[in-house]
Amino acid sequence: MKLFLSLHTVRKKILTASKAVGVCLVVSYGISNKLPFSEDVRFAVWILFVALLACITDRLLKHFISDPVSEICEAAKRIAVLDFSKPCHITSRDEFGSLSDSLAKMSENLQQTLASLEEANIQLAQDVQRKQKLLNERKELADHLSHEMKTPLGVIRAYAEGLQEEPDERKKRTYADIIIAETERMSSIITVLLDLSALEHGAAPLLAERFDFVELLETVAGRLLIDLDDTDSLFTLHYELPEHPVYVCADKHRMEQALSNLIVNAKKNVRTHGRIRLSLTEHDNILQASVFNEGNPIPQETLSKIWEPFYRDKNAKYSGSGLGLAIVAQIFSMQQIAYGVNNTPDGVEFFCSMPII
């Protein structure tokens with residue numbers, strides 16, 4: 001056992017091999033001298049034995065010394081260029097085996113460190129990208145607010161100055177009403193913009209619940225289109241709804257907001273004495289809702305832009321904040337609800353679709 005343990009170092013292996021070779025040489029020389037041959041033949045036999053012993057010794061040294069050193073050198077070169085595809089495998093219980101284990105552990109630690117560093121770099125790049133995006137959004141928001149507030153602030157200032165100098169009480173009341181209306185308009189824009197920003201940045205989480213979409217659409221339409229009871233209504237309303245409840249799972253409050261914006265948009269864009277059609281259809285367990293208004297089509301080149309904040313058609317017959325459809329798009333996108341808009345031969349149709357629960 002002590003002899004076995006003594007061979008667990010390279011130094012001991014070399015010393016033991018050297019002693020064994022020396023003993024073999026002495027013993028073989030003595031044996032060769034006792035062979036019943038001439039001196040020249042005995043010497044030739046001994047030389048052959050020495051050559052064979054040298055070959056065996058060379059093979060043993062190659063196996064125990066040269067091969068492990070070469071494998072360790074190759075492994076070190078691979079690690080130096082960060083190639084961890086082929087680890088070093090030396091199982092001997094000596095310094096080479098210990099060095100192989102150390103290289104393997106170093107390789108594993110380097111891999112983990114590089115993986116952590118790469119993950120940290122990716123996270124840093126994402127953080128930088130998010131920060132840059134946030135800065136761009138803030139700049140865009142400031143630009144939009146500056147543009148949107150310029151007109152009402154100018155109107156308020158002009159009428160406030162006129163209010164100070166106008167002696168006519170009736171005109172003063174008119175000026176005051178205009179100032180109040182412009183103030184309310186500014187307040188509405190800011191409120192809607194803050195709501196959109198909260199949705200975009202996750203500050204207003206959605207709460208999904210199961211509800212009857214037919215009932216919701218009827219409620220929203222009834223509230224917004226109540227003026228249709230007047231005989232002088234400038235448009236007609238058509239319903240194409242199922243006669244039974246259709247349940248979906250979504251944020252009911254936000255879906256009500258989205259439907260309200262779509263119906264208000266249809267009401268503003270319907271042509272005089274035109275039609276507004278609200279329809280719900282079921283197909284393959286999918287509910288498709290659409291809001292159609294008879295009127296002028298949306299120019300093809302601007303179809304994709306209508307969902308952008310503050311986008312407004314220059315030819316529109318009404319003025320708005322340009323945020324209604326942007327909020328609709330954000331609400332639908334956050335709930336993975338497919339949506340879109342199509343021009344039809346006689347008008348424009350907005351639609352969305354979601355699974356029936």
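Reader: Is D346 buried, partly exposed or exposed, and what is its relative accessibility?

Author: This is a predicted model, in which local features need pLDDT of at least 70 and side-chain atom pairs count only at pLDDT 80 or more, while totals for chains, interfaces and linings use all residues. Residues are numbered from 1 along each chain as its sequence is written, and side-chain values use heavy atoms, with hydrogens and water left out. Buried means under 20% relative accessible area, exposed means over 50%, and partly exposed is in between (1.4 Å probe, protein chains only). D346 therefore counts as partly exposed, at a relative accessibility of 29%.

Reader: Which side chain meets that of D346 in a salt bridge at 3.0 Å, N to O?

Author: A salt bridge is a side-chain nitrogen of Lys or Arg within 4 Å of a carboxyl oxygen of Asp or Glu. D346 lies in the loop between β6 (338-344) and β7, and its partner lies in strand β4, so the pair ties together parts 71 residues apart in sequence; helices (H or I, at least four residues) and strands (E, at least two) are DSSP runs, numbered from the N terminus. The partner is partly exposed, with a relative accessible area of 24%, and the side chain that meets D346 at 3.0 Å, N to O, is that of R275.

Reader: Which residues are linked with R275 and D346 in a network of salt bridges?

Author: A search of the whole structure finds 8 salt bridges. The network that holds R275 and D346 also links R271 and E294.

Reader: How many residues apart in sequence are the parts that E256 and R223 tie together?

Author: The side chains of E256 and R223 meet in a salt bridge of 3.2 Å, N to O. Because E256 lies in helix α7 and R223 in helix α6, the pair ties together parts whose separation in sequence is 33 residues.

Reader: Which residues does S107 contact, leaving aside its neighbours within four places in sequence?

Author: S107 lies in helix α4 (residues 95-165), and at 8% relative accessibility it counts as buried. With contact taken as heavy atoms within 4.5 Å, the residues that S107 touches beyond those neighbours are I79 and F84.
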